[in-house]
Amino acid sequence: MNHEGGIIINYRIAFSALGSLFLLMGGFLTIAAFMANSAPLSETYTILSMSVMAFCLSYLYPQFVQKDERMQLIRQKGMFFTFFAFLFYSFILNLLVEFEVVQLTASEAINILTALMISTLFTSWVFLSRRY
Amino acid sequence: MDNKLKELRETHGYSQDQLAKKLGVSRQTIISIEKGRYNPSLPLALQMGQIFETPVEDIFFLDGSPD
């Protein structure tokens with residue numbers, strides 16, 4: 001294995017470890033909320049989305065490290081898709097709040113939207129990198 | 001769009017990795033182009049034409065018109 005290959009594997013391991021750590025933290029917060037018989041803290045969603053991000057990056061890193069035209073296309077398409085997904089999430093969240101299905105503070109709503117955006121963006125990149 | 005990249009690459013004795021390095025793209029990009037999942041940009045297609053010393057239309061062609 002050459003030096004470059006070794007660095008890529010190290011980064012992949014680092015991202016996987018980071019993902020596991022975030023997953024552990026998110027899992028802990030979810031279990032704690034479950035035991036307290038309440039909804040999880042809104043930060044839990046962001047932490048879990050960071051876990052999704054880290055796992056996706058561990059898969060994508062070898063391709064992302066080379067900024068060629070295929071990766072640029074995947075990035076652009078992923079961001080384009082995420083923009084429409086954001087509009088959809090906002091619409092659904094708005095409906096849920098308007099019809100009082102859920103009661104959220106502004107910070108909770110932002111945390112949920114952020115988590116959804118991060119997860120959508122990175123998973124769409126993974127799907128697109130498998131497609132193209 | 002279809003292409004003869006794999007044939008040309010093998011005829012000229014390049015591995016996917018070698019061709020990728022010559023073109024300044026990732027190996028995954030070469031794999032995707034060969035499988036027809038990704039259509040390269042015009043500059044990249046022209047670069048390929050230069051490397052294989054052949055017109056671009058001999059490498060890439062519309063579906064159903066291989067020659």
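## Helix H4 of chain A and its surroundings

In helix H4 of chain A, the residues that count as buried are Asn111(A), Ala115(A), Leu116(A), Ile118(A), Ser119(A), Thr120(A), Leu121(A), Phe122(A), Trp125(A) and Ser129(A). The model described here is a predicted one. The buried residues of H4(A) pack against H2 and H3 of chain A. H4(A) comprises 26 residues, and from its first C-alpha to its last it reaches 37 Å, close to the 38 Å expected at 1.5 Å a residue.

### Chain A as a whole

Chain A has 4 helices and 0 strands, and its elements, read from the N terminus on, follow the order α-α-α-α. Along the principal axes, the C-alpha atoms of chain A fill a box of roughly 55 × 35 × 20 Å. Of the 132 residues of this chain, 23% count as buried. When contacts in chain A between residues at least 6 apart in sequence are considered, 78% of them join residues at least 24 apart.

### The nonpolar cores

The largest nonpolar core has 20 residues, of which Val52(A), Met53(A), Ala54(A), Cys56(A), Ile118(A), Phe122(A) and Trp125(A) touch the most other members. At least two residues of this core come from each of helix H2 (42–64), helix H3 (69–98) and helix H4 (106–131) of chain A, and H2(A) gives the most, with 11 residues. With neighbours within four places in sequence left aside, Met53(A) is in contact with Ile118(A) and Phe122(A). Apart from this core lies another, of 7 residues, which includes Leu19(B), Ile33(B), Met48(B) and Ile59(B). As a general point, nonpolar side chains in soluble globular proteins tend to be buried together.

### Two packed helices in chain B

A pair of packed helices is described by the angle between their axes and the distance between the axes. In chain B, helix H2 (residues 16–23) and helix H3 (residues 27–34) pack at an angle of about 110°, with their axes 8 Å apart. Because angles of 65 to 115 degrees count as roughly perpendicular, H2(B) is roughly perpendicular to H3(B). To this contact H2(B) brings Gln16(B), Asp17(B), Leu19(B) and Ala20(B), while H3(B) brings Arg27(B), Thr29(B), Ile30(B) and Ile31(B). Divided by class, the residues in the contact of H2(B) with H3(B) are 4 nonpolar, 2 polar and 2 charged.

### Between the chains

The contact between the chains takes 7 residues from chain A and 10 residues from chain B. On the side of chain A that touches chain B, the residues divide into 1 nonpolar, 2 polar and 4 charged.

Two residues, one in each chain, are set side by side below.

How values were computed
Residues are numbered from 1 along each chain as its sequence is written. Chains are lettered from A and ligands numbered from 1 in the order in which they are written. This is a predicted model: local features need pLDDT of at least 70, side-chain atom pairs count only at pLDDT 80 or more; totals for chains, interfaces and linings use all residues. A nonpolar core is a set of buried Ala, Val, Leu, Ile, Met, Phe, Trp, Tyr and Cys residues joined through C-beta atoms within 7 Å. A residue is buried if 20 or more other C-beta atoms lie within 10 Å of its own, exposed if 12 or fewer, and partly exposed in between; C-beta atoms are placed from the backbone. Two residues are in contact if their C-beta atoms, placed from the backbone, lie within 7 Å. The expected span of a helix is 1.5 Å times one less than its number of residues. Ala, Val, Leu, Ile, Met, Phe, Trp, Tyr, Cys and Pro count as nonpolar, Asp, Glu, Lys and Arg as charged, and the others, Gly among them, as polar. Axes are lines fitted to C-alpha atoms, for helices over the stretch in contact, and angles run from 0 to 180 degrees between N-to-C directions. Angles under 35 degrees count as roughly parallel, over 145 as roughly antiparallel, 65 to 115 as roughly perpendicular and the rest as oblique.
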